[in-house]
Amino acid sequence: MNSFRYYSDLDRHPFTGERKVNFKVKVTEKESLKKFFSETVGTKWIQNVTPGKIYEIYKVEGYGDCADFYFKDDSGKEQYLADFFFEEVEDD
């Protein structure tokens, strides 16, 4: 339960509540989500988070079959985003 892979497939094992975790993820660079990282009309703008950057997740809050991932953003403040904003970090 301490990996992105586990939390990216919550259809198989949904949960609610908070869990302390420790794993790394990369903010996705998918074209369909780029609008959330710039000032776009009708879209809430995500600031101090860099697409393509790796962040350490320290808490997951579940809502059944989806979750929010908590991490420190580029300014050092607590930030959270939905699980679909992330992808697995490739092993070196």
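A salt bridge, as I use the term today, is a side-chain nitrogen of Lys or Arg within 4 Å of a carboxyl oxygen of Asp or Glu. Please remember throughout that this is a predicted model. By that definition the structure holds six salt bridges, and I will go through some of them.

Let me start with Glu 88, which forms a salt bridge with Arg 5, where the closest N and O atoms are 2.9 Å apart. Glu 88 belongs to strand β5, residues 86-88, and Arg 5 to helix α1, residues 4-7, so this pair ties together parts that are 83 residues apart in sequence. As for accessibility, Glu 88 counts as partly exposed at 37%, whereas Arg 5 is exposed, with a relative accessible area of 56%, because the cut-off for exposed is over 50%.

Next comes Glu 87, whose side chain meets that of Lys 26 in a salt bridge at 3.5 Å, N to O. Since Glu 87 lies in strand β5 and Lys 26 in strand β1, residues 15-27, the pair ties together parts that are 61 residues apart in sequence. Glu 87 is partly exposed at 28% relative accessibility, and Lys 26 is partly exposed as well, at 23%.

Finally, which residue does Lys 53 form a salt bridge with? The partner is Asp 74, with the closest N and O atoms 2.9 Å apart. Lys 53 is partly exposed at 36% relative accessibility, and Asp 74 is partly exposed at 35%.

How values were computed: Residues numbered from 1 in each chain as written. Predicted model: local features only at pLDDT ≥ 70, side-chain atom pairs only at ≥ 80, totals over all residues. Heavy atoms only, no water. Helix = DSSP H or I, 4+ residues; strand = E, 2+ residues; numbered from the N terminus. Buried < 20%, exposed > 50% of the residue type's maximum accessible area, 1.4 Å probe, protein only.
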